Amino acid sequence: MNIEGIITWLLKIVLSPQVFAPIVFPGLLTALMVLLIIIWAERKIAARVQMRVGPLYVTRRLGGVLQMLADGARYMFQEFIIPDSADKTPFVVAPVMALTLAIVPFAFIPSAPGFVPIKSQYSLPAVLALISSIPLSVMLMGWASNNKFAIQGAVREAFMGLAYEAVVFLSALAMGLLYGTLDLEEAVTKQWLPGLLLNPIAAFTFFVGMVMSAGKLPFDIVEGEQEIVAGPYVEYSGIIFGIGMGLAYLKLYSLTLIYSILFLSGWNPVITPLYSIYPGLAGIFLFIKSFLLMLFIVFLRAVYGRYRLDQALRAGWRVYLPLSLIAVLLSIFLRVVNIV
């Protein structure tokens with residue numbers, strides 16, 4: 001095989017959905033870029049609302065947009081310390097397991113028509129099951145740290161997980177019943193109207209469950225910076241601490257992609273010229289919808305105070321769980337009258 005043949009062969013592999021989607025878009029590289037930009041935007045938005053400047057000194061002319069890159073470099077070169085009192089093996093393994101569980105869902109998320117690494121008729125429950133496994137790693141991190149603040153954070157993660165995962169799953173089930181499929185790609189094709197208009201109750205409960213699941217304000221209870229000092233991550237340092245801090249944003253990115261697919265018509269309208277050049281490029285609208293949704297969620301940080309644990313749990317079990325059950329009944333009714 002000559003050099004031209006080798007390059008063609010490599011391009012064919014890189015541009016295949018099985019490699020491009022999990023590694024480039026919507027996968028790891030895009031997720032890292034989103035993480036850097038969204039944290040900067042979160043700080044800037046909060047600063048503007050509070051009449052401050054926010055990140056500024058790194059790339060001052062660009063408004064400090066590369067501040068997170070500088071923070072990441074600092075984490076990278078910090079010493080990773082394992083406390084003597086920690087259970088060393090799970091202390092090291094748990095963050096890696098959490099990061100893996102945060103990345104694997106991208107393999108099931110379609111980014112354009114016919115462009116998905118792993119095609120499955122059960123892609124919706126598969127993605128949600130993987131995302132809902134992340135709290136197990138977080139609890140392991142807290143337990144392995146052998147620190148009272150870390151264990152309190154892990155217990156909070158368990159309470160919150162039980163409260164919000166049921167809401168997210170029931171809301172997703174409502175849309176699965178409405179569309180008559182659990183395949184994310186088929187769910188987009190069934191939306192003659194965006195799912196947000198077809199079942200607004202499911203859209204609302206999924207949104208709240210998504211914010212709770214990602215631990216963003218007003219539900220950043222697990223980390224509880226003011227009283228338990230980063231919770232399960234309190235004993236971590238260096239790049240592993242950075243991974244812990246980035247987990248919430250990776251979860252949020254995955255869940256906003258799912259939300260855009262279920263409730264905002266996914267990648268529609270498809271830009272045909274882009275699709276004809278390369279199918280993966282047709283997911284541009286899916287990315288824009290997800291990114292705008294993330295911006296709105298981080299904006300909430302600036303205008304909402306944090307709930308107490310008991311308030312969040314009471315709202316989860318007494319308000320959002322019944323609402324998600326009503327969303328399921330609404331979907332069944334719409335299927336019976338043949339709306340979709």
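Author: Before we start, a word on residue classes: Ala, Val, Leu, Ile, Met, Phe, Trp, Tyr, Cys and Pro count as nonpolar, Asp, Glu, Lys and Arg as charged, and the others, Gly among them, as polar. This is a predicted model, where local features need pLDDT of at least 70 and side-chain atom pairs count only at pLDDT 80 or more, while totals for chains, interfaces and linings use all residues. Residues are numbered from 1 along each chain as its sequence is written, and side-chain values use heavy atoms, with hydrogens and water left out.

Reader: Thanks! What is a pocket?

Author: Rolling a probe the size of a water molecule over the atoms shows where empty space is left. On a 1 Å grid over the protein atoms alone, a cavity is a set of points where a 1.4 Å probe fits but cannot get out, and a pocket is an open set with protein on both sides within 12 Å along at least five of seven lines; lining residues have an atom within 4 Å of a point.

Reader: How many residues line the largest pocket, and which lie nearest its centre?

Author: Its lining has 38 residues, with Ile-39, Gly-242, Met-245, Gly-246 and Tyr-249 nearest the centre. By class, 23 are nonpolar, five polar and 10 charged.

Reader: And what about the second largest pocket: which residues line it?

Author: Among them are Phe-204, Phe-207, Val-211, Pro-218, Leu-300 and Tyr-320. This lining divides into 11 nonpolar residues, no polar and no charged.

Reader: Which helix gives the most to the lining of the largest pocket?

Author: That is H13, with 10 residues; helices here are DSSP runs (H or I, at least four residues), numbered from the N terminus. In the second largest pocket, H11 supplies the largest share, four residues.

Terms used. Helix = DSSP H or I, 4+ residues; strand = E, 2+ residues; numbered from the N terminus.
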